[in-house]
Amino acid sequence: MSIVMSTTPRGAIDTPSNTTFTFENGYAISIITGKGTYSAHGNTAEIAIIDPFGKFYRIFGYDDDVIGWMSAEEIIQIAYWVSRGDMNAVDKMFQKREETA
């Protein structure tokens, strides 16, 4: 399996930092933290899923291209399913997340 990682480093303490993992299947997951994002310092991050055509993948039931306040454990699970191209599993995971919130 081939994974490409690109990172945009912080220019200053209050500048957001972004890491994107692009998988062999063409899907990518973007993970961003910092000021102005839906994240808590060091504890959660904001993510977006990008499809093989470069468009945001809209999670079933969500009205935004990004999902905030994701824990490291959730991001790992999502990255696994995205890397396999199983977007049904991703949608189910978010449905369960909403049911327990």
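Me: In this predicted model, contact means heavy atoms within 4.5 Å. Leaving aside neighbours within four places in sequence, which residues is Tyr 57 in contact with?
Reply: Tyr 57 sits in the loop between β4 and β5. Neighbours within four places in sequence are left aside here. The contacts of Tyr 57 are then Ile 49, Ile 50, Asp 51, Met 87 and Asp 91.

Me: Is Tyr 57 buried or exposed?
Reply: Buried means under 20% relative accessible area. Tyr 57 has a relative accessible area of 18%. That value is under the cut-off, so Tyr 57 is buried.

Me: How many Å apart in space are Tyr 57 and Ile 29, C-alpha to C-alpha?
Reply: In sequence, Tyr 57 and Ile 29 are 28 residues apart. In space, C-alpha to C-alpha, the distance between Tyr 57 and Ile 29 is 9.8 Å.

Me: What pattern does the chain follow along the sequence?
Reply: The secondary structure comes to 2 helices and 5 strands. Read along the sequence, the order is β-β-β-β-β-α-α.

Me: Which residue in β5 is the bridge partner of Ala 45?
Reply: Strand β4 covers residues 45-50. It runs antiparallel to β5, and 3 bridges join the two. For Ala 45, the bridge partner in β5 is Met 70.

Me: Why is strand β5 largely enclosed by the rest of the structure?
Reply: Strand β5 spans residues 66-70. It is largely enclosed because, of its 5 residues, the number buried is 4.

Me: What share of the residues of the chain count as buried?
Reply: The chain has 101 residues. A residue counts as buried under 20% relative accessible area. The share of the chain that counts as buried is 39%.

Me: What share of the accessible surface belongs to carbon and sulfur atoms?
Reply: The accessible surface of the chain comes to about 6400 Å². Of this, the share of carbon and sulfur atoms is 55%.

Me: Which element gives the largest share of the lining of the largest cavity?
Reply: The structure holds 1 cavity of 30 Å³ or more. The largest cavity has a volume of about 30 Å³. Its lining includes Ile 47, Ala 48 and Ile 49. The largest share, 3 residues, comes from β4.

Me: Which charged residue lines the largest cavity?
Reply: By class, the lining has 7 nonpolar, no polar and 1 charged residues. Tyr 57, Ile 59, Ile 67 and Phe 94 are among the lining residues, and Tyr, Ile and Phe count as nonpolar. Asp counts as charged.

Note on methods:
Residues are numbered from 1 along each chain as its sequence is written. This is a predicted model: local features need pLDDT of at least 70, side-chain atom pairs count only at pLDDT 80 or more; totals for chains, interfaces and linings use all residues. Side-chain values use heavy atoms; hydrogens and water are left out. Buried means under 20% relative accessible area, exposed over 50%, partly exposed in between (1.4 Å probe, protein chains only). Accessible areas come from the Shrake-Rupley method with a 1.4 Å probe; for residues, only the protein chains shown count as cover. Two strands pair if DSSP finds at least two bridges between them. On a 1 Å grid over the protein atoms alone, a cavity is a set of points where a 1.4 Å probe fits but cannot get out, and a pocket is an open set with protein on both sides within 12 Å along at least five of seven lines; lining residues have an atom within 4 Å of a point. Grid points are joined across faces, edges and corners, and a volume is the space filled by probe spheres set on the points.
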